[in-house]
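Here is a briefing on one protein chain. Please look over the sequence and the fold, then read the notes below.

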Amino acid sequence: MRALPAFAAALLTVSLALAGCTGGASDSQDMKADSAAKPATGQEGAGAAADEGRGEQSAEDGKKADTDAAKTHVIRTATLSVEVRSVTKALAEARSVAVDAGGVIEDETTERVDDSYITSHVVLRVPEAEYDSVLTELAGTGKLLSRTANAKDVTEQVVDVNSRIATQRASVNRVRKLMDQAQDITDVVALESQLNTRQAELESLLAKQASLADRTTMATVTLDLSERAKEEKADEDDGPGFLDALGGGWDAFVSVLRWIVVVLAAILPFVVALAVLFTLWRVFGVRLAALRARRTPVVEPAAATAPAPSPSPDEDKVEGKQD
């Protein structure tokens, strides 16, 4: 009688290895193994309650699969680029819009560029039902630069994952049932190995199901906020008036004075140096010239005196006649 359970366990192991994740072929082999094992073990009463519970779970999985098949599952994503006057105010408004819609702020990066403007990168998760209204409100916070929206239908993936989960869960339950009925240690070890493999595949499918459920129920909106530069803000103002002209003239006057001060500051060292040199020349140069004049004797040439010529006799005669 003990050979029959061992044969059933070996047959189940081979069938599970050949079936793969779908479990279509393994289902018929497991049912045969179950029918062969039941009379050998004599534990039909103990397995009846477990079969009933597993049957209810399979029925619930079947109903869920039918419901998912009738519903359309779409992954929605969007990217907005908006130019605003104040990134701080626009960011606070975006947070308020997401929270009011029942969403969350998944990621946020805000930085100041060149001390002239601020940029912010925000990732929002909002319910799919509020997706369109949230996009409209976010686009209205400023000047819309670009908008990209994407909708991906994943209904087939959701239905396939749910169906594979139901099949895999049923396969795990059957392996557990056979483990409860097995008596040989070799059969128990082989069934435990198969159970671990099936359980790991089931958990992987459940994680994929949860990921799909999260992405289909919550849409992802990426918002890029940028602020106008100071020069651009000034260009967008109205035409210049009297006060603008007065302010411009004052700025020009201050600029001219500033440049004059800069030029004076640049030539001031040279002026100071020339003034010092001129002062030294005036002080020491004059004194030096005076000292030289005192040390040098003045030699005056002697005047040569010649004797006056005596008058000739003829000149005396002429003078006497004239007298």
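The buried residues of α5 are Y131, V134, L135, L138 and A139. They span an arc of only 125 degrees around the axis, so they sit on the same side of α5. That arc is taken over the directions from the helix axis to the C-beta atoms. Buried means under 20% relative accessible area, exposed over 50%, and partly exposed in between (1.4 Å probe, protein chains only).

This is a predicted model: local features need pLDDT of at least 70, side-chain atom pairs count only at pLDDT 80 or more, and totals for chains, interfaces and linings use all residues. Residues are numbered from 1 along each chain as its sequence is written, and side-chain values use heavy atoms, with hydrogens and water left out.

**Helix α5**
- The face of α5 turned away from its buried side carries the exposed residues D132 and T136.
- The buried residues of α5 pack against β1, α4, β3, β4 (143–153) and β5.

**Whole chain**
- The protein chain has 10 helices and five strands. These are DSSP runs numbered from the N terminus: helices are H or I with at least four residues, strands E with at least two.
- Of the 323 residues in the protein chain, 28% are buried.
- Contact means heavy atoms within 4.5 Å. Among contacts between residues at least 6 apart in sequence, 79% join residues at least 24 apart.

**Strand β5 and its partners**
- Strand β5 (residues 218–227) is mostly covered, with seven of its 10 residues buried.
- Strand β1 (residues 74–84) runs parallel to β5, joined by eight bridges. L80 has L223 as its bridge partner in β5.
- Strand β3 (residues 117–127) runs antiparallel to β5, joined by nine bridges. S120 has L225 as its bridge partner in β5.
- Two strands pair if DSSP finds at least two bridges between them.

**Nonpolar cores**
- A nonpolar core is a set of buried Ala, Val, Leu, Ile, Met, Phe, Trp, Tyr and Cys residues joined through side-chain atoms within 4.5 Å.
- The largest has 23 residues; L138, V221, L223 and L225 have the most contacts inside it.
- β1, α4 (87–100), β3, α5 (131–139) and β5 each supply at least two residues of this core. α4 gives the most, with six residues.
- Another core, of 16 residues, lies apart from it; I165, V175, M179 and L195 are among them.
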